[in-house]
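Open the model in your viewer and keep the sequence panel beside it. The stops below are meant to be selected in turn.

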Amino acid sequence: MTRWHILTALLCGAVLAISRDTGQFGWLALAAFVPLLVMALRAPRPRDVALLLFVPAWMGEAGPMWFYGRLLPMVYGLAVAQALVFMLAALFMRALYRRFPAGVAPLGFAAMLAAIDYLHSLVSPNGSFFALGYTLVDVVPLLQTAALAGVAGLSFLAAVIPAGLAVLYVRPRDLSGTLAWSVPVLAALAYGVWQLAQPAGPTVRIALLSDDRYAGRVFNHPEAAPEVAAAFARQVAAAAAHAPAAIVVPEKILAAGTVLAPPAGSVVVAGLDGPAPQGGRLNIAALYRPGAPVDTYLKKRMVPGYEADYVRGTGELVTRLGDVHAGIAICKDMDFAQDLRLYGRRDVGLMLVPAWDFDRDAYLHGRMAVVRGVENGFAVARSASQGLMTLSDAHGRIVAERRTAHAPRMLVGDLPTGRGGTVYSRIGDVFAQVAVAAWLVLLALLAWRWRRVQDRPARRM
């Protein structure tokens with residue numbers, strides 16, 4: 001381990017710190033992984049490079065630690081776990097490279113990371129949070145792979161590209177090794193270009209409202225409920241001048257039981273908070289329609305440690321905006337691909353999402369919702385307190401976006417809706433399950449080859 005190795009590892013860690021799980025510069029992670037993987041491939045022994053892999057990978061989790069560390073201390077343990085996973089995956093790639101044709105190594109590395117992201121999402125209270133695939137959210141052509149394979153497909157691409165480049169650098173004349181990883185990447189790119197050329201569904205006008213002065217007010221000061229309701233009633237009235245088909249108000253901003261009068265020709269989706277009759281609390285998205293009773297959706301997925309006493313919902317809520325089926329979800333629900341896939345199977349073309357972020361994580365968390373839209377073929381209208389108001393189409397393109405503030409804010413945009421019913425929404429996590437199987441098969445083959453090597457001296461004796 002030379003000083004240049006150490007400096008390279010620290011530089012890669014710094015790049016990962018501003019890219020992975022931070023937002024906006026996620027694609028830089030593709031470049032930052034390459035030198036680390038080259039070092040792994042060239043290292044004489046695994047122990048010579050293990051620390052050089054762990055430290056920059058841990059630095060790459062600076063974003064979540066900064067976003068959530070003071071609020072959710074468990075994030076520090078998750079950051080260590082993420083770094084260990086990368087270190088082990090890189091050493092797994094090194095072992096494959098030394099025992100199999102060169103093309104197997106990048107594919108095995110990508111399969112392992114995609115598999116672990118998927119398995120983690122099945123048991124984590126945070127769903128697919130921390131998945132490597134979110135680094136590709138702004139690489140829109142590759143992002144379309146989510147419509148086929150979900151976020152696991154994105155994680156595979158985000159891993160196989162730097163791994164393949166590392167193998168190409170170490171063994172530039174190995175054509176079969178280059179083709180093994182570049183063909184899937186080029187196929188994904190071609191699919192993405194084709195997908196982006198497809199026509200969208202009908203366009204609907206959406207108004208997103210926010211006012212961070214009232215975030216959490218009805219929970220901490222229930223007596224302020226009438227004041228907050230009056231403030232947002234004025235905002236709804238102001239939005240009516242733009243003739244929106246739907247108006248979205250942030251999560252938990254109004255007290256349970258609040259009644260808002262939707263403008264003619266519009267629906268209003270608003271986040272409510274209040275005590276549950278059977279104990280605990282309710283996190284509700286209320287749907288207000290002219291001349292119709294109020295429908296409610298109950299949040300399914302809660303923020304660990306913050307919403308432990310909230311009653312979980314179990315169903316979906318779908319309404320119609322003209323010819324478009326529109327679904328409703330709340331903030332953290334959008335972190336769980338399996339839940340949102342239920343809307344994709346119902347050919348929902350638009351999701352209306354009240355949300356509440358932690359300010360620093362506005363970009364990261366908002367873009368996770370964007371990926372759900374690509375997976376399932378629906379546009380997303382997400383209005384968050386202490387975050388971003390975002391309109392994104394079914395291909396993940398940002399139509400309009402505005403940061404919230406301690407003042408009334410409104411974002412109005414004409415949003416092309418999706419058509420629902422993607423391959424992913426129909427077949428689910430088949431790709432992720434194949435990645436798990438491939439990873440386990442490669443592990444078994446490595447173990448078999450290692451045992452054969454260990455047995456050879458004994459047989460000679």
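This is a predicted model: local features need pLDDT of at least 70, side-chain atom pairs count only at pLDDT 80 or more; totals for chains, interfaces and linings use all residues.

Residues are numbered from 1 along each chain as its sequence is written, and side-chain values use heavy atoms, with hydrogens and water left out.

Start with the open sheet of six strands, whose order is 7-8-9-10-11-12 and whose pairing is mixed. Strands here are DSSP runs of E with at least two residues, helices are runs of H or I with at least four, and both are numbered from the N terminus. Two strands pair if DSSP finds at least two bridges between them. Strand 7 and strand 12 (398-403) are the edge strands, each pairing on one side only. On average, neighbouring strands of this sheet are turned by 15 degrees against each other, direction ignored.

**The hairpin.** Select residues 317-321, strand 7, and residues 324-328, strand 8; the two run antiparallel and are joined by five bridges. Val318 has Gly327 of strand 8 as its bridge partner. Two residues lie between the strands of this hairpin, and Gly322 takes a positive phi near 65 degrees. Four of the five residues of strand 8 are buried (under 20% relative accessible area, with a 1.4 Å probe and protein chains only).

**The crossover.** Next select strand 9, residues 350-356, which pairs with strand 8 in the parallel sense over three bridges. Ile328 stands opposite Leu352 in strand 9. From strand 8 the chain passes through helix 12 (residues 337-344) to strand 9 in a right-handed β-α-β crossover (clockwise from the first strand over the helix to the second, with the strands pointing away from the viewer).

Strand 11 (residues 388-392) and strand 12 run antiparallel, joined by five bridges. Here Met389 stands opposite Arg402 in strand 12. Contact means heavy atoms within 4.5 Å.

**The loop.** Finish at Arg346, in the loop between helix 12 and strand 9. Is Arg346 buried or partly exposed? Arg346 counts as partly exposed because its relative accessibility is 44%, and that class lies between buried and exposed, the latter being over 50%. Not counting residues up to four places away in sequence, Arg346 touches Glu316 and Val318.

Technical notes. Axes are lines fitted to C-alpha atoms, for helices over the stretch in contact, and angles run from 0 to 180 degrees between N-to-C directions.
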